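Subject: Structure for your attention, with notes

Dear colleague,

Please find the structure below, followed by my notes on what was found in it.

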Number of protein chains: 2
Amino acid sequence: MKLEKLVGDRFKERPSDCQIDSHAIMVRGGYIKYVANGIFSLYTPAKRITRKIEKIIREEMDRIDGQEVQFPVVMPASLWEESGRYSSIGSELLRFSDRNSAPMVLGMTHEEASVQLVREYGQSYSKYPFMIYQIQTKFRDEARPRGGLIRVREFTMKDAYSFHTSQEDLEEYYEKCHKAYERIFKRAGVPEVISVKSDSGMMGGSVSHEFMLLTPVGEDSIAICKECGYSANMEAAASITENTPDEVSAAMETVHTPDLHTIEEVCDFLKLPVNKSCKAVVYQRNSDDSYVVVFLRGDMDVNETKLRNFLGCEIHPAVITEDSGIAAGFIGPVGFDADATVLFDCSLKNANNLCCGANKTDYHCTGLDMKSDCPNAEYHDFAKITEGGICPSCHKHSVTISRGIEVGNIFQLGTKYTKSMNMTYLDSNGQSHNPIMGCYGIGVGRLAASVCEAHHDDYGPIWPMPIAPWQVHICAVRSDDAEVKQCADKLYDTLIGLGAEVIYDDRQVSAGVMFSDADLLGVPLRVIVSPRNLKESCCEISARDKSFSEKVPVEETAKRVTELIKELMDKANS
Amino acid sequence: MKLEKLVGDRFKERPSDCQIDSHAIMVRGGYIKYVANGIFSLYTPAKRITRKIEKIIREEMDRIDGQEVQFPVVMPASLWEESGRYSSIGSELLRFSDRNSAPMVLGMTHEEASVQLVREYGQSYSKYPFMIYQIQTKFRDEARPRGGLIRVREFTMKDAYSFHTSQEDLEEYYEKCHKAYERIFKRAGVPEVISVKSDSGMMGGSVSHEFMLLTPVGEDSIAICKECGYSANMEAAASITENTPDEVSAAMETVHTPDLHTIEEVCDFLKLPVNKSCKAVVYQRNSDDSYVVVFLRGDMDVNETKLRNFLGCEIHPAVITEDSGIAAGFIGPVGFDADATVLFDCSLKNANNLCCGANKTDYHCTGLDMKSDCPNAEYHDFAKITEGGICPSCHKHSVTISRGIEVGNIFQLGTKYTKSMNMTYLDSNGQSHNPIMGCYGIGVGRLAASVCEAHHDDYGPIWPMPIAPWQVHICAVRSDDAEVKQCADKLYDTLIGLGAEVIYDDRQVSAGVMFSDADLLGVPLRVIVSPRNLKESCCEISARDKSFSEKVPVEETAKRVTELIKELMDKANS
C-alpha cells in the first residue's frame with residue numbers, strides 16, 4: 001500500500017509517559033493508540049504484525065495436532081464456580097452482571113471453558129490424547145498495566161489445552177509443545193527466548209515453564225546458572241545455602257540494642273557478619289489477618305511465592321499491632337510466644353553463634369544455636385535465590401540473576417480442573433478416571449512488543465522478516481522527478497505482482513522525513529529510488545538492521561528483493 | 001485430519017430446544033456448544049468455517065482500500081458519553097465497573113472507538129477518504145437470543161468505518177462497499193442475499209441498507225415488489241394507501257355499541273368494511289409515560305419504528321388509566337380532549353363515511369369525514385406496508401412480504417459521531433468541518449449459520465466450497481480391508497500433498513455411521529474407497545448436494561478431486 005494512505009501518525013518526540021523503548025516506539029510509529037488504562041487500539045502496522053504472529057502460532061499448534069476452537073470472552077460465573085476459581089481468584093478476574101442480573105466474568109484464561117467444551121466428548125479413553133486451542137481476546141483486570149503492550153488489561157492470547165490419560169503421555173506432549181514454542185519464537189524473530197522453570201501459581205498443577213526474553217526492562221527475575229545452564233524464574237528457583245557451624249557454640253546472652261532498626265545495624269553493633277544472624281519477617285494471611293513469622297538467615301530475603309504456595313493462601317506484609325504480643329524489630333525464635341504460625345527457612349539449618357531478637361523491645365540475643373535452641377524446627381525453602389548463590393542443579397556458586405519478559409508459558413495441570421469439574425473417562429477396563437491436562441499460553445501483543453524491545457535502535461523497531469508489517473519499503477526520493485516516479489511505480493507494481501508485501505512512499509517530502517518514517521515502520525528491506533541512484537541506473541537496497549546495503553541495476557532490483565525476502569524468511573524458519 | 005481425532009460429538013436426534021434447522025444441525029454436527037444464554041463455544045469445524053468467511057471478508061475489504069485495525073472489546077464509558085450513546089442505548093449495552101470502579105462497557109459496535117482512533121490523524125482534508133475495519137468479538141446483551149448463532153449475545157463481527165469530506169464521496173464509497181458485500185455473499189455461497197433499504201435505528205444517519213437472506217425462519221419482514229424489484233425492510237418501507245372518498249358524505253351520528261371490543265366487531269355490527277373505519281392505537285413515551293394516540297385506517301397496523309423515529313424517543317404500548325380521560329376502545333378523532341399527542345396516518349387522508357370511536361364508553365360514530373371533521377389533521381406515514389399493498393417505487397399493487405435473516409448492513413452515518421465527538425478537519429481553504437462517516441457490518445457467525453439455514457437437507461448442512469470446513473471427505477468403507485486402507489491412506493497423503501483440505505474417515509464403523517457423519521460435516525466433495533469400488537479399480541466421487549456422482553479410476557482420483565475443488569471455488573468466485 002501507499003504510505004500516504006496509511007492511517008496513523010508518526011512523530012519524533014518520545015512521549016513522556018512511556019517508560020520503555022518498545023512502548024515509546026509503538027506510539028511514535030503509529031502502531032498503538034491509548035484508549036484506557038491498559039487498553040489499546042491497534043493501527044494497521046500492529047495489526048499486520050500480530051496477524052503474522054498468529055499465523056506462525058497457528059501453524060505450529062496445528063503441527064502438533066492442535067485443533068483450533070473458540071471459547072467465549074464472556075462466561076457465566078457458574079462455570080468458574082465449578083472449578084472454585086470464581087472465589088479464589090482476586091479482582092483481576094472481572095466480574096459483572098448481565099441485564100438479567102446473572103453473574104458473569106470476562107475470560108482471562110479458559111481452563112473451565114475447555115473442560116466444559118470436551119466433557120461429554122472425552123468420556124472414553126479411545127478419544128485421548130487431544131489438544132484444543134484458540135487465539136482470542138482476553139481481559140485481566142491488572143492493578144498496574146505498564147509498558148504499552150507488555151502488560152495490558154485487554155490482550156490477544158493463544159491458549160491451548162491438552163487432555164491425557166497418563167502422566168507419561170502428558171509429559172511427552174508437554175515436551176512436544178516445548179519444542180513448538182521454541183520454533184514459534186525462532187520464527188517470530190526472537191530465537192534468544194529461553195525457557196525457565198516457573199511457579200504454577202493460580203493455574204494449579206506442578207511442572208511449568210515460562211518462555212523468557214531477557215531484557216533489562218523485563219518484569220520477571222530469572223536465576224540462570226552460568227555453569228550448567230539451569231534456569232528458573234526466581235519465584236520457582238530453589239534457594240540452597242550451606243552452613244558450616246562454628247566448632248564451639250557460645251552460650252546465649254541477651255544484649256541491649258536500643259535504636260537499632262535493621263539487621264545490618266544490629267550485626268554491625270555486635271560485630272557479626274550478617275550471615276551470622278537470624279532475622280524474622282512477618283506476614284498476615286489475607287483471609288483472617290493471622291500472623292505468619294518466617295525466620296531466615298540475615299543475608300537472605302523471603303520469596304513470597306514460595307511462602308504463599310506453602311501456606312496455600314494469600315498473604316501480605318504484616319502490620320504488627322501492640323496487642324499482638326509481637327515485639328516488632330526484636331523477634332527471635334527462642335521464647336517467642338505470640339499467636340502466629342512460625343516457619344524456619346533452610347538457610348538457618350545447622351547454624352550456630354547467631355544473633356537474633358530477644359522478643360523484648362530493645363534487646364537482642366547472641367549465641368543462638370539452631371540445633372540446641374530450636375530442636376523442633378522444621379526447615380523449608382522460603383528464601384530468594386541470590387546472585388552468586390548455589391545452583392540447584394550443579395551445586396556451584398554460579399547463579400546470576402537476569403530480568404526478562406514472559407512471552408509464553410506451559411503448565412502441567414494434572415487433574416485440578418477435570419476433578420473439580422467432574423470430567424471423567426472410562427479406561428479399557430471400564431474404570432473411571434479424571435483426564436490429566438496441560439495448558440499452554442502465548443501473549444500475541446506482548447510478543448510483538450517484546451520483539452520490538454529486543455530489536456530496535458534509536459530510530460525505531462527492526463522487525464524480523466516473518467512478522468514485519470511489510471516485507472519491503474520503497475522510498476521514491478524526489479518523486480516529483482518523472483523518472484524516479486516512473487521507476488518507483490513500476491518497481492511497486494512488479495513487486496506486488498511477485499507476491500511481495502510492499503509499503504510505498506511516493507510522497508513529495510524530504511529524504512529525511514521519508515527515512516525517519518521508514519525507520520519507524522521498521523520494514524526489514526528498503527529500496528531507495530532517487531535521481532542520484534538512477535544516474536547510475538541503480539536502485540539501492542538496504543537492510544533496516546544496517547547489515548548490508550547494495551546498489552543493484554534497476555531492472556534486477558525486483559528479483560533481488562524477492563531473493564532477499566526469501567533468504568530472510570528461510571533463515572527464520574530454518 | 002483424521003475424523004477419528006476430531007473433537008466434538010455428532011448425533012442423530014434433533015435437540016428439543018432447537019427451533020430452527022441450522023441451530024439443530026450445528027448442535028448435532030459438533031459445530032457449537034452452548035455455554036450460556038446466547039453464548040457458544042465453537043468446535044473446530046465451525047472455527048474453520050468462520051475463519052474462511054473472515055478471510056473472504058478481509059480480502060474484499062482490502063480490495064476497497066480498507067485498513068485492518070483492532071479496537072478494544074472493553075471500552076471506558078467516557079468514550080460512549082462523548083457520543084451520547086452511553087445514556088441513549090438501552091440495556092443491550094453491557095455496562096460494568098472495573099476494579100477501580102471506573103465505568104466501562106463491552107463493545108457492541110465501534111463508531112466511538114473508530115473516531116477516537118483517527119481523530120488526530122484526520123485533521124487535514126488531504127488524508128481523506130479512508131476506511132478502517134476490524135474483525136472482532138462483540139457483545140450485545142440481547143433480551144431474547146435465539147436460533148443458535150443466528151441471534152446471540154457474543155458474536156464475531158466485521159465492522160468498518162469510512163471517513164469522507166463530502167456526501168458525494170461517501171455515496172461513491174457506499175456504492176463500492178455495496179458491491180463488495182455482494183461479492184462477499186456470493187463467495188460465501190449465498191449469492192441469493194438481497195439488499196433492502198432499512199431503518200437506520202440507533203446508528204443515526206439516513207440512508208442504509210440491510211443484506212437479507214430470505215428464509216421463512218428469518219426474524220425480519222421484508223417488503224419486496226414483484227414488479228419493479230423494490231425491496232425494503234418493513235420497518236423502513238413507506239406505506240401508501242389510496243382513498244377514493246364516497247361522493248356524498250353522510251352526516252355524523254352516534255351509535256350505541258356495547259360489548260364490541262375490536263374494530264372488526266364494530267365494523268361487522270355497523271355493516272361497514274374495515275377500511276371504512278378510523279381506529280386509534282395508543283402508546284406511551286418511555287421517558288414520562290405521556291400518551292401518544294395514532295389514528296389510522298382500520299385495516300392498517302402501526303409500524304412502531306416509524307412512530308419512534310417520528311417522535312425521536314422510545315415508546316411502549318399504553319396502559320390506559322381511568323384518570324387519563326381516554327375512553328379506551330372508543331377513541332375517535334372528533335372531540336378527543338385527553339392530554340396526549342395526536343397523530344394521523346396517511347391512510348386516513350381524504351377518507352369519508354368512516355366509523356370511529358365517540359370518546360365515550362360503549363359509543364361509536366358513523367359518518368366521519370376527515371376533511372371536514374378533522375380539518376387541521378397533518379398526515380404522516382406511521383403504517384406497516386401490507387402484502388398486496390402499493391409499491392412505493394412503481395406504485396402497483398405488487399408488494400409481497402417475505403422473512404429474512406439480516407447478514408450484513410451498511411449505513412450512511414453523516415456527522416452524528418464526528419460532530420458529537422468533535423472530530424474536525426481543515427479543508428483546502430483552512431475552514432473547519434466534521435468529516436462524514438459511513439459504517440458497514442457483517443456478522444461472521446450469523447453468516448455461517450445463515451448459509452447452513454439456506455443450504456441443508458434433512459441429514460446436515462451442504463457447505464459451499466469456499467467456506468466448507470474441509471474440501472474433501474474421504475470415507476474408507478471397510479478400513480479393515482488392507483487394500484481399502486492402503487488405497488485410502490495413499491489418496492489422503494496425495495491430496496494433502498496437492499494442497500487440498502482433507503478430512504479422512506478410516507474408522508472401523510459401518511458405512512451408515514460413516515455417511516451420516518459425513519452428511520453432518522457437509523463437506524462438498526466425498527470420495528468413497530470401498531472393496532466394491534476397488535473391484536472395479538475405482539473410487540467414487542460424489543457431491544454433498546447430490547448434483548453428481550462419478551466413478552473414477554483409482555490412480556486418477558486425486559487429480560479429479562483437485563479439479564473439482566478448483567471448479568467449485570472458481571464458480572463461487574467468478
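I begin with a strand pair in chain B: S7(B) and S8(B) run antiparallel and are joined by 10 bridges, where strands are DSSP runs (E, at least two residues), helices are DSSP runs as well (H or I, at least four residues), both are numbered from the N terminus, and two strands count as paired if DSSP finds at least two bridges between them. Please keep in mind that this is a predicted model, in which local features need pLDDT of at least 70 and side-chain atom pairs count only at pLDDT 80 or more, while totals for chains, interfaces and linings use all residues. Residues are numbered from 1 along each chain as its sequence is written, and chains are lettered from A and ligands numbered from 1 in the order in which they are written.

Strand S8 (residues 154-164) of chain B is mostly covered, with 11 of its 11 residues buried; here buried denotes 20 or more other C-beta atoms within 10 Å of the residue's own, exposed denotes 12 or fewer, partly exposed lies in between, and the C-beta atoms are placed from the backbone. In a regular strand the side chains alternate between the two faces of the sheet. In S8(B), B:Glu154, B:Thr156, B:Lys158, B:Ala160, B:Ser162 and B:His164 point one way and B:Phe155, B:Met157, B:Asp159, B:Tyr161 and B:Phe163 the other way, and all are buried.

Helix H1 (residues 21-28) of chain B is likewise described as mostly covered, since eight of its eight residues are buried, and these include B:Asp21, B:His23 and B:Arg28. The cover over the buried residues of H1(B) includes S1, H2, helix H11 (444-454), strand S25 (456-457), strand S26 (460-461) and helix H13 (511-521) of chain B. After H1(B) comes B:Gly30, which has a positive phi, near 70°.

B:Val282, found in strand S14 (residues 277-285) of chain B, is partly exposed, as 19 other C-beta atoms lie within 10 Å. Leaving aside residues up to four places away in sequence, B:Val282 touches B:Tyr291, B:Val293, B:Ala318, B:Ile320 and B:Ile326, a contact being two residues whose C-beta atoms, placed from the backbone, lie within 7 Å. The C-alpha atoms of B:Val282 and B:His316, which are 34 residues apart along the chain, are separated by 8.9 Å.

Turning to chain A, its secondary structure comes to 15 helices and 31 strands, and its C-alpha atoms fill a box of roughly 95 × 65 × 50 Å along the principal axes. Of the 574 residues in chain A, 49% are buried, and residues 24 or more positions apart account for 71% of the contacts with a separation of 6 or more. Chain A is divided into domain 1 (45-221 + 402-453), domain 2 (253-380) and domain 3 (470-573), with bounds that come from an automatic or database domain assignment. The C-alpha centres of domain 1 and domain 2 of chain A lie 39 Å apart.

Chain A also holds an open sheet of three strands in the order S4-S6-S5, with antiparallel pairing. Its edge strands, each pairing on one side only, are strand S4 (74-76) and strand S5 (95-97) of chain A. S4(A) and strand S6 (residues 103-106) of chain A pair over three bridges, and A:Val74 stands opposite A:Leu106 in S6(A).

Finally, the contact between the chains takes 41 residues from chain B and 41 residues from chain A. The side of chain B that touches chain A has 23 nonpolar, eight polar and 10 charged residues, where Ala, Val, Leu, Ile, Met, Phe, Trp, Tyr, Cys and Pro count as nonpolar, Asp, Glu, Lys and Arg as charged, and the others, Gly among them, as polar. A rotation of 180° with 0.0 Å of shift along its axis superposes chain B on chain A with an RMSD of 0.1 Å, by least squares on the C-alpha atoms of residues with pLDDT of at least 70 in both. The two copies are thus related as by a two-fold rotation axis, and 100% of the interface residues of chain B are also interface residues in chain A, so the copies meet through the same surface.

With best regards
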